[in-house]
Structure formats: C-alpha cells, structure tokens
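Let's take a walk through the charged side chains of this model. Have the sequence and the 3D view open as you read.

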Amino acid sequence: MRRSVMFLKTTREASADEVSKNAQLLGRAGFVNQLMAGVYSYLPLGLRVLNKIERVVREEMDAIGGQEILMPALHPKDIWETTGRWDKMEDVLFKFKGAGDRDLTLGPTHEEVVTPLGASVIASYRDLPKAVYQIQSKFRNEARAKSGLLRGREFRMKDMYSFHATQEDLDAFYDKTLDAYMRVYDRLGLGGGRTLVTYASGGAFTKYSHEFQTLTDSGEDRVYVLGDGRHGINEEILDDGGAMADIIGRHKGSYADGDEKKLEQVKAIEVGNIFKLGSRFSEAFGFKFLDKDGVAKYPVMGCYGIGPSRLMGTIAEVLSDENGLVWPEDVAPYKVNLMTLRADDAACVALGDKVYDALQAAGVEVLYDDRDARAGEKFAEADLIGCPWQAVVGPKGAAAGIVEWKNRATGEGCELPLGSWPW
Ligand code: ATP
Ligand code: MG
C-alpha cells in the first residue's frame, strides 16, 4: 500500500478526550477514531490488526473443533426474561423499543440465543458434543468507558458455547479450550508469563471459572501471582479459605504453609474468561436430549469468551515504547514499513519502487511511504505505527543499491542489497 493514497492521518498530539495510553497511541497512529466514549471506528491500519487478531482466534477455535456461526446482535425481550437476566443485567443492557412497541436489546453475550439454537439441532446423545462460536460486535452500557479499546460500549468478542452429555466431557473440552487460549496469547505476543491463567469465582455449578489476565500497570483488575509465575488468583477468591487451600494444593511444591498470605498483588487486564455453565441455561429453556439409557436430560454447557478489540488495546499498552506501537509479526498491519528519504532524488525513488515491487512479489505485506515529506517525519511516523521492520532508501544507499533495515522492537539495524531481507 502506498502511503500517499492511504486513508490515514497521524498526529503528534493525542486527542484531549483520551486518557488511556492505548487510545492515545492508536488514535495518534490513525488506527482508530473515537465516535463517543467507548465507541470507535477502525481505520485501514486498525482494521488490519483487528482482522489478524480475529484470524488467530478463529484458527485456534477451529483447531479444537469449534464451528463458526453468526448470531443476531438484535434480541427480543422474551429470551432475556426466560433466564431472568432482563432485570439482572439491567445495568449493561441497552434497551429500546422497536416497531410495534416491541421491547428489544442489543446482545452483551449470547447464552439466551445459543441455548434455544442448540435445542433446535440437538435431540439425542448422538448429537453431542457440539461447540459453536462467533466473532461479533457486543454491546454493553458500561458505566465508565475511559480505557479506550480496553472497555468499549461496543466492542468485539469471540464467544464460544459448548454442549455436552456429561460433566466429564465438558471438563475435557474446557481443558482443551484453556490450552487453545494460551496458544492465542502466545501468538499475539502476550505469552511467556505475560498472561496468567487466573482462578476466579465460578457461580452455582462449578468451583472456579478461569480468567486470562495480562499483567500491566494499566489494568483495572487485581490478581495475586502464584509461585510458578504462570497462574494467579483473582481478588474475589482471596477471602474464600476453602478455595484458597484447594488452589494452593493444586500448585503444591511452590508453597510452604502460610505462604499464600505473601502472594504478590499485581494489576492486570482480563483478556479472556472461560466458564462452566452446567445446566443453568438448558434448564431455563427446557432443552433436553435423549441419553443412551433412554432418559431425557439437560445438556451441560460451557462458555468461552475472548475480546479481540480489548486484545488490540492490550497489545498497544504492553508492547509499545516511548516512540509508539510495536506489533508482533502475526498481527502487525504490515510486516514492512518502507520509506524513501528524498522524493526529489530520482535514484532514491527508483530504488524505493523496486524494493516495493520485490517485497510484494515475495508476498510480503508492505506499507510504502512514498510521500514528499521530511525524513524525520517519516521515521517518527514509522516508529509510531510500529510495523516490525523498517526499510529505508536514502540518496547515498540508492547510488549503491543498498537498503537500510531496522527492527522496530530491538532497534537493531543492517544494510542489505536489493532482493535480500533481514529475516
Ligand atoms: P470485565 O470484568 O472487564 O467487565 P467481563 O468479565 O464482564 O469483563 P466477559 O463477560 O467475561 O467480560 O467477556 C468475555 C471477554 O470479552 C472478556 O474477557 C474481555 O476480553 C472481553 N470484554 C468484556 N467486556 C468488554 C468491554 N467492555 N470492552 C472490550 N472487551 C470486553
Ligand atoms: Mg469475565
């Protein structure tokens, strides 16, 4: 993509409306544009990143047998009354009237849609297990939405739901999903101890749910890190002596008696949450299947949420530096940000064009800053946008057919002739 034709404007200063680092950086770099608090447009660079994050999530869900569907965002009131959540989730539901004075809401989550949908397909134990997921915009009337992409009122979510004949089958699929989630965070540059698997409270049917918490001072959640540095405990569990003893027991070896009192407290962002629902929703909708023994039973369900837009904000918070964004390869808008330093130097432009063509021919995604602009401006913008590699063609190198390369994350550089790449 030639920078000169791109739908993009970067700015030196952040908008006065934005207080969070992710929104300031992503706004300045022209990835997103705020319509109102918690509601954003994704511009070409931002949409490329969002799509890549969603592609990673999709691949990992497909790999464990999830089947992609798309459910409506517009919901009638009655399904929410069936589960009692029309009132219980009062604080987050956007409620309004449709044609014929009908009460409607926008989906903040989709148990109320997926459960009757499951019932329309599943009748017998032979139809189980099943797992379906969607990637969609969700709507929640969040009280505070000052954290940019971390807390949207309209935001992206991948939500998967699974149906099982037995608790053991749900347990096995749940464990598989937990592993798949960790592969997602690894691929997004948030692995290697950056994201903890955290025990959180489980509700009526199960001891715990699991949250995935990425460590950063800008996080709103407080978690306690277990001795292995890979697991954590959510604040809400800390006062539950029985649960604490149980969790510590599961991580034996890391603790002496009483050690749990010294657990380190850290701030973190919840980037995912998986939950065993049991038969709460299948019972609410009277959804039964006929088991092997001929008895009608309620399937047990699991739900598995992950937030691609919150992940985009989290990567911006965690992996950026004082000069701007730093994208991991898998989600970078482009792999290479190529730039010519002199638009009035024919050799410079000729070599820049050749490098651009050669990279594209090699299947490399490249953003080519071909504008007639100052070198300093181009360097600063490339650092702000944060593509993994920068390729610079200056007048001196152009004469010798040499391109200067810089790795955005490490700052390391090298000089290579046209046709050679540093990776
Ligand atoms: P929080 O406690 O941060 O409000 P939640 O526990 O209500 O989140 P879930 O219902 O578990 O969120 O949603 C699943 C995932 O969707 C979360 O782990 C998060 O990644 C994402 N998510 C939830 N709410 C938002 C939001 N307002 N903006 C962006 N992403 C969100
Ligand atoms: Mg949650």
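## A bridge across the chain

R3 and E381 join their side chains in a salt bridge, 2.7 Å from N to O. R3 sits in the segment before helix 1 (21-28) and E381 in helix 11 (residues 375-385), so the pair ties together parts 378 residues apart in sequence. Both R3 and E381 are buried (under 20% relative accessible area; exposed is over 50%, partly exposed in between, with a 1.4 Å probe and protein chains only).

A quick word on ground rules: this is a predicted model, where local features need pLDDT of at least 70, side-chain atom pairs count only at pLDDT 80 or more, and totals for chains, interfaces and linings use all residues. Residues are numbered from 1 along each chain as its sequence is written, chains are lettered from A and ligands numbered from 1 in the order written, and side-chain values use heavy atoms, without hydrogens and water.

Another one pairs E60 with R187 at 2.9 Å, N to O. E60 is in helix 2 (residues 44-63) and R187 in helix 6 (residues 167-187), 127 residues apart. E60 is buried at 8% relative accessible area, while R187 is partly exposed at 27%.

E270 is partly exposed, at 23% relative accessibility.

Technical notes: A salt bridge is a side-chain nitrogen of Lys or Arg within 4 Å of a carboxyl oxygen of Asp or Glu. Helices (H or I, at least four residues) and strands (E, at least two) are DSSP runs, numbered from the N terminus.
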